[in-house]
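Please open the model in a viewer and keep the selection panel at hand. The stops below move from aromatic rings to nonpolar cores and then to the ligand.

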Amino acid sequence: MLPELPEPRHGDGYRIALVCLGNICRSPMADVVLEHRVGEAGLADRVRVASCGTGGWHVGRPMDDRAAATLTAAGYDATRHRAQQLAGGWLEEFDLLLAMDRQNLADVQLHATADTQHRVRLFRDFDPVGPGSEVPDPYYGGGAGFEEVLTMVERTSAAIVAALQQRVPRWWDLS
Ligand code: 4NP
């Protein structure tokens, strides 16, 4: 069963943030793929996707060349990403914050309050294969790690979009 999506807090749409350590490998890949799938599903007017890192080393830079090459080879646009760093305001702005691994999850939870705690989850809680697992950090490895991340991210994004397709029409009374 898919985890429930926390209720939206803003009138204009649902806001999802993807969080990793550097915001140059895993969460940018998830950001690009999820945004692409949201567009294909016709939900772009109602669902916004963004990403950030818990660390600030790469702020303002494009994503890692290997992440970009993996996305480009699979037909995605990797050119628009610029790295951002997580700050407390993200917990107020976003309806759902999805962390790539357990350390990222713990770091996001440091910014959460009793009111926002339920909005912070592992990205792969939505993965039908291995829910609750981590997206392994490919930064220090070879190209195969980026392919593995893409496979996880495509599968999990499809499941998130399926959940959104059920709920968005109900939340905004569209039909
Ligand atoms: P990411 O990978 O968290 O998937 O973006 C990393 C990128 C950079 C670093 C670590 C992980 N770094 O230490 O600079």
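Rings of Phe, Tyr and Trp (its six-membered ring) pair if their centres lie within 6.5 Å; planes under 30 degrees apart count as stacked, over 60 as edge-to-face and the rest as tilted. This is a predicted model, in which local features need pLDDT of at least 70 and side-chain atom pairs count only at pLDDT 80 or more, whereas totals for chains, interfaces and linings use all residues. Residues are numbered from 1 along each chain as its sequence is written, and side-chain values use heavy atoms, with hydrogens and water left out.

**Aromatic rings**

Select Y14, W171 and W172, which form one aromatic cluster. A search of the whole structure finds four aromatic pairs. One of them joins W171 and W172 edge-to-face, at 5.9 Å centre to centre and 90° between the planes. Buried means under 20% relative accessible area, exposed over 50% and partly exposed in between (1.4 Å probe, protein chains only). W171 counts as buried because its relative accessible area is 17%, and W172 is likewise buried, at 14%.

Next, select W90 and F94, a stacked pair with 4.9 Å centre to centre and 20° between the planes. Both residues, W90 and F94, are buried.

**Nonpolar cores**

A nonpolar core is a set of buried Ala, Val, Leu, Ile, Met, Phe, Trp, Tyr and Cys residues joined through side-chain atoms within 4.5 Å. The largest one has 41 residues, and those with the most contacts inside it are Y14, I16, L18, V47, L71, F123 and L164. Colour β1 (14-20), α1 (26-40), β2 (47-53), α2 (65-73), β3 (96-99) and α5 (143-171), the elements that each give two or more residues to this core. Helices (H or I, at least four residues) and strands (E, at least two) are DSSP runs, numbered from the N terminus. Helix α5 gives the most, with eleven residues.

Centre on L71: neighbours within four places in sequence aside, L71 is in contact (heavy atoms within 4.5 Å) with M29, V32, V33, M63, Y76, A78 and L150. A second, separate core of 15 residues includes A17, A50, A112 and V120.

**The ligand**

Finally, select the ligand: which residues surround it? They are C20, L21, G22, N23, I24, C25, R26, H58, D137, Y139 and Y140, each with a heavy atom within 4 Å of the ligand. An oxygen atom of the ligand lies 2.9 Å from a backbone N or O atom of G22. A ligand oxygen atom is also 3.4 Å from an N or O atom in the side chain of Y140.

Note on methods:
A polar contact is a pair of N or O atoms within 3.5 Å; within protein, one must be able to donate a hydrogen and the other to accept it, and residues adjacent in sequence count only if both atoms are side-chain atoms.
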